[in-house]
Amino acid sequence: MDKGKSVVAELAASFSVVRVAPRQNPKPKSFLPSPSFYSFSKKANPRKLVSLCLGTLGQHLEDIITDISEFAALFPPHIKLAIMSIARRRRLLNDDVLTSLAESSWEILDISGSDVTDAGLATVANVCSNLRAVDISRCDKITTAGVSEIVCHCPSLEILRCGGCPRSEVTARRCLNLLKPKLNTLEEDSWEELDTLDIGGGAESLRWLVWPKIDDNSKETLAAECPRVTVNPQPSLFDLSGSKVPVEALASVPLDHSVVEDIDPKTWAVSAAPRRPVAPPNPNAPPEIPIAERFRLAYVEREARLAPKRAKRERQQRRRAERDYMMNDIDARSIALAAQASRNLRKS
């Protein structure tokens, strides 16, 4: 494991410093058109070295996920965001992983379909106060308490994705009051003292809400009380207000697609099996028998159970051999008949 940590440390150092070798002996410019000028198909660009390293790291993420807090500080923020996106796709994202990788410079947070709870979301909301797009869809363990922390500590929140599963749908309906802009009741002596206080509340910066299965009542409530919020925007150049629909607000595109766009999808092709919780050891329990001792005791028990059957089988085989010998050998048969005749004479 120490060797693996050293390799991860070297990989993190390579992420932080990227050097480009100077070009030597540049070729003279040619005035002839390039081959791509004649071809209509566009070739895919080779993947970056950083993306290849992240792909290798993501394929073995299960081996280091338990100790990720020890070397997470070695990675730059954008690499941490990519590792979190890979962990989410491999079903490894939980509160411990999220809080270990969280960075204050993050602007997007995609935890959809993960095991993150309100506690982990609250911790990240305090650290990542510059979030402008959050995806909490298909999160069974996120409730209104976690959404309240995001709305309270992230004033720049513009895009929110929710719903996708029964529990998340219920959470989305209960969070409507949190998304409505409102005025706080303040008691101060003069207007000058209100400059440093938050007069407004709610999701004031929210402009895009991605909720695919929104019910009619919730949609009417948002249209009446939050007219600036566009629900489920469609892919187009401009919306009704004339502003461009951001890619992060499209339900067909994952929120963290731009983070892992250059990484090989084979990195998260195999999902990790859910880890079984390990029960704490009981101090009053007897010491566990080693596996070698278990095999030895099982062998001794089997030998003791089969010993009577083996003795009976040996006796039967011995009697059968004696009978065959008496029937096939003439001398032995004559001796047996003579012995039987002598016994009959003695009885008479």
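In which helix is Ser85 found? In this predicted model, Ser85 belongs to helix α6, which covers residues 77-89.

**The chain as a whole**

The chain that holds this helix contains 14 helices and 7 strands, and 32% of its 348 residues count as buried. Among the contacts that link residues at least 6 apart in sequence, 68% join residues at least 24 apart. The overall values are collected below.

| Property of the chain | Value |
|---|---|
| Residues that count as buried | 32% of 348 residues |
| Contacts joining residues at least 24 apart, among those at least 6 apart in sequence | 68% |

**The surroundings of Ser85**

Ser85 has a relative accessible area of 0% and is therefore buried, the cut-off being under 20%. A polar atom of the Ser85 side chain lies 3.0 Å from the backbone oxygen of Leu81. When residues up to four places away in sequence are left aside, Ser85 touches Asp256, Val259 and Val260.

**The aromatic pair**

A search of the whole structure finds 1 aromatic pair. Its members are Phe71 and Phe75, whose ring centres lie 6.3 Å apart and whose planes stand at 75 degrees, so the pair is classed as edge-to-face; the cut-off for that class is over 60 degrees. Both Phe71 and Phe75 are buried, and Ser85 in helix α6 is likewise buried.

Conventions: Residues numbered from 1 in each chain as written. Predicted model: local features only at pLDDT ≥ 70, side-chain atom pairs only at ≥ 80, totals over all residues. Heavy atoms only, no water. Helix = DSSP H or I, 4+ residues; strand = E, 2+ residues; numbered from the N terminus. Buried < 20%, exposed > 50% of the residue type's maximum accessible area, 1.4 Å probe, protein only. Contact = heavy atoms within 4.5 Å. Phe/Tyr/Trp six-rings, centres within 6.5 Å; stacked < 30°, edge-to-face > 60°. Polar contact = N/O pair within 3.5 Å; in protein donor to acceptor, adjacent residues only side chain to side chain.
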